[in-house]
Amino acid sequence: MGHRFVLILCFVLLASFAIAPAPAAAQQSCDSLASLKIPNATITSATAIDPPQDLVIHIPGLPGYPGIPASDLHVTVPFCRVIAFSAPTSDSHISFEVWLPLAASWNGKFEAVGNGGFIGQIGYVDLAAALKRGYATAGSDTGHASGNDESWALGHPEKLVDWSYRAVHEMTVDSKLIVKAFSGSAPKLSYWKGCSTGGKQGLTEAHRYPDEYDGIIAGAPANYITHLQAGSEYASWVALKDGSSGAGYIPREKLAVIHTAALAACDAKDGVADGVIDEPRRCHFDPKTIECKGADTPTCLTAPQVETVRQIYAGAKFADGKQIFPGFEPGSETLWGGMISGPEPFSIGTGFFKYMVFEDPNWDFRTFNVDRDTRIADKKLGALVNAIDPDLKEFKARGGKIIMYHGWADWGIAPGNSINYYESVVGAMGGEARTGDFLRLFMVPGMGHCRGGAGPDTFDSLGALEQWREHATPPAQIIASHSTSGKVDTTRPLCPYPQAAIYKGTGDTHDAANFACGNPTW
Ligand SMILES: [Ca+2]
């Protein structure tokens, strides 16, 4: 009865907003935004940031994500900083910020940025990048302000709903109102940019709220959460179920040994021996080739370790052999440490089962049964947390474009997941031609999770999206670069899947000009 009353109240409120006069379209000063009234939301502050007095934001790094250390972000562009929160339920507190360029530098568009893992942290670095390009931009903390273990969800089902889809939706609606109040006009186009959880958030928007974004960049999307976490937990469980003294445990030092052997077997198959396996699914490296002939040494694998590596490559499967989540690819081995070399299992996968699936802080990962526990997770949470529906017809019909990308050496989300999703969209949309005109997937050789790795990992996905959505030029390729000590040493085209960058046979292999997108035959 309580729920019904609340629902009726909501309808009454909604109806009253619907008939209320539209807010004045005149531009407001930054300071005056503090008194702007938005349904369910509160603006905490609105402050004009005027360089040369830089805004310095301390970024605590991403716990659980190696390679992203704490840093201080210096914002040197003048803008209006709006800090706000939305509370669509009594247990909700969705913090978000909207950064508004001054009128002269605004490009008329809006770009929202996503999150990583289950972390309650606004993507400040991405906000600053969007602002620099003239975008009004916004990011949220997904509804909680805490680190990367999922304990915040325990006893807070509404916060889990916020994390799953509501925080981004609320932030999007509210931010557009704030943009309009500040500038006098709504953004003419709205884009989403995110990787990992941010990629999932983009795909969630495309399906659930297809009219909120005109273009979406979905990097390494964590869109199949229940199976992704099962896959992560499976990898940790395989290696660590008997602890670091177990027979199948692989110490970090041996990861480089496995990697070197995988490269020796497969690197040159793509035509360029460059330390990167461009198409790892065509690599059939068997770790048995480096099995110890006699006693265990640092440069070989024991028989149980060979079995562990085989299971990591194979990925999680149901008891009947059906794949739950793809395995990690040859070429990614040096990045596996946090997932399998412990001493603790990967925190994100374990936290998911502990706090969200079993709601038991004492749950022990050694009891993990991948078949049984994946089914439990699917039944309990699949409909809420996953973004795997391939029907994106409504988004496409509005002219929406999606650029997906995924590193082939991703150690956090196996790259085969993006291919699986892409192929499911091809199936639902009626073929590759009807998919490639609004969604393209770019596999990134040698790139780790969203960034890093041996391959070129820096590319302008937003520029490609702008060209596609605003100038009807679909990305036939995207040039990526790799830098050492801040200096570009390699460029390479990224190609729309299933194409790959193929070496023309002559010229510098560090120069993208000597590669062309095509269907690999190697
Ligand atoms: Ca290669």
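Domain bounds here come from an automatic or database domain assignment. On that basis the protein splits into domain 1 (27–223 + 386–479) and domain 2 (227–384), and the C-alpha centres of domain 1 and domain 2 sit 29 Å apart. Everything below refers to a predicted model, in which local features need pLDDT of at least 70 and side-chain atom pairs count only at pLDDT 80 or more, while totals for chains, interfaces and linings use all residues. Residues are numbered from 1 along each chain as its sequence is written.

Confidence first. The pLDDT (the predictor's confidence in each residue, from 0 to 100) averages 93 over the protein, and 93% of the residues score at least 70. Residues 1–24 are another story: pLDDT is below 50 there, and beyond near neighbours in sequence the stretch has 2 contacts in the model, a contact being two residues whose C-beta atoms, placed from the backbone, lie within 7 Å. Where pLDDT is low, the predicted coordinates should not be read in detail.

On to the overall build. The protein has 14 helices and 18 strands, taken as DSSP runs numbered from the N terminus (helices H or I, at least four residues; strands E, at least two). Its radius of gyration, taken over C-alpha atoms, is 24 Å, close to the 24 Å from the globule rule (2.2 Å times the number of residues to the power 0.38) for 522 residues, so the protein is as compact as a globular protein of that length. The C-alpha trace spans about 80 × 60 × 50 Å along its principal axes. Of contacts between residues at least 6 apart in sequence, 66% join residues at least 24 apart.

Back to the two domains: 29 residues of domain 1 are in contact with 28 residues of domain 2. On the domain 1 side, the elements giving two or more residues are helix 3 (157–183) and helix 12 (416–429), with helix 3 supplying the largest share, 3 residues. By class, that side has 15 nonpolar, 11 polar and 3 charged residues (nonpolar: Ala, Val, Leu, Ile, Met, Phe, Trp, Tyr, Cys and Pro; charged: Asp, Glu, Lys and Arg; polar: the others, Gly among them).

As for burial, 48% of the 522 residues count as buried, meaning 20 or more other C-beta atoms, placed from the backbone, within 10 Å of a residue's own. In strand 13 (residues 439–444), 6 of 6 residues are buried. Leu439, Leu441 and Met443 point one way, and Arg440, Phe442 and Val444 the other. Strand 13 pairs with strand 12 (residues 401–407) in the parallel sense over 6 bridges, pairing requiring at least two DSSP bridges. Within this pair, Tyr405 stands opposite Phe442.

Key. A residue is buried if 20 or more other C-beta atoms lie within 10 Å of its own, exposed if 12 or fewer, and partly exposed in between; C-beta atoms are placed from the backbone.
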